[in-house]
Amino acid sequence: MIKLLDLLKEIGDASVEPYQYRLDESHVERDEDTGEIIEQNFHALYGSDYMQDTGDIYDSQIYVGIERLSDGEIDMEISFGTLEGGQTITDRGVKEAMKVMATVVAVVKEVMKNMQRPDQWGRKPDYISFSPARTGKTDSNLNPKFAIQRQKLYTAFINKHLKPKRIDTVNIGSNTSVSVTL
């Protein structure tokens, strides 16, 4: 099992490089009157060292959804995981987990940089939201200790790379949602 302390020791390690990835815009919706973007989605595909060694290029994806809320604020939702048949982050070991997290950070930073262009959103998001549970599963499907470790890992990466004003955790039933105020 991945130990949180081991992961946290490597978060600041500059030697961990992200995987090569391909970032594509998959959807954009603009307001008919103003032309402002009100919703935009990106997908990044990347392949782990394991998959590249087998000749397959991509086994994992990162989804970034951006939405203008009714009060004008901008929320960015992030999720990531393996494609069908891919190894999960816990199957890959600590070094692989660090590369996955470095890749998520690289993709988010690239999307945030693109968002600031005048022809896009014109600024960074106000919030970033994510769930530490595995895709399609609730925290009740996980060992509670593992779900907490996963949340701490993600939060540590956010603190290190995005310098948020505030991080709020909301528990609704067996689901956990994290909102980061930038």
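Start by selecting tyrosine 19: this residue is buried, with a relative accessible area of 3%. Buried means under 20% relative accessible area, exposed over 50% and partly exposed in between, with a 1.4 Å probe and protein chains only. The model is predicted: local features need pLDDT of at least 70, side-chain atom pairs count only at pLDDT 80 or more, and totals for chains, interfaces and linings use all residues. Residues are numbered from 1 along each chain as its sequence is written, and side-chain values use heavy atoms, leaving out hydrogens and water.

**Stop 1: the tyrosine pair**

The structure holds 3 aromatic pairs. For tyrosine 19 and tyrosine 46, the ring centres are 5.5 Å apart and the planes meet at 15°, so this pair is stacked. Rings of Phe, Tyr and Trp (its six-membered ring) pair if their centres lie within 6.5 Å; planes under 30 degrees apart count as stacked, over 60 as edge-to-face and the rest as tilted. Tyrosine 19 sits in the loop between helix H1 (4-10) and S1, while tyrosine 46 belongs to strand S2, so the pair ties together parts that are 27 residues apart in sequence.

Next, select Phe80, Phe130 and Tyr154. Ring pairs link these residues into a cluster.

**Stop 2: the whole fold**

Switch to cartoon view. The protein has 5 helices and 7 strands. Helices (H or I, at least four residues) and strands (E, at least two) are DSSP runs, numbered from the N terminus. Along the sequence the pattern reads α-β-β-α-β-β-α-α-β-α-β-β. Of the 182 residues, 40% count as buried.

**Stop 3: the sheet**

Colour the strands. They form an open sheet of 7 strands in the order S1-S2-S3-S4-S5-S7-S6, with mixed pairing. Strand S1 (21-30) and strand S6 (166-172) are the edge strands, each pairing on one side only. Two strands pair if DSSP finds at least two bridges between them.

Zoom in on strand S5 (residues 127-130) and strand S7 (residues 175-181). They run antiparallel and are joined by 4 bridges. Pick serine 129: its bridge partner in S7 is serine 179.

**Stop 4: the core**

Which residues have the most contacts inside the largest nonpolar core? Select Val64, Ile66, Met76 and Val111; the core has 33 residues. A nonpolar core is a set of buried Ala, Val, Leu, Ile, Met, Phe, Trp, Tyr and Cys residues joined through side-chain atoms within 4.5 Å. Helix H4 supplies the largest share of this core, 11 residues.

Stay on valine 64. Leaving out residues up to four places away in sequence, valine 64 touches Gln40, Asn41, Phe42, Met76, Glu77, Val107 and Val111. Contact means heavy atoms within 4.5 Å.

Now step to asparagine 41, in strand S2. Asparagine 41 counts as buried at 14% relative accessibility. With residues up to four places away again left out, its contacts include Asp24, His27, Tyr63 and Val64.

**Stop 5**

Finish at lysine 163, in the loop between helix H5 (144-162) and S6. Is lysine 163 buried or exposed? Lysine 163 is exposed, with a relative accessible area of 61%. Check its backbone: phi is positive, about 50°, although lysine 163 is not a glycine. Most residues other than glycine have a negative phi.
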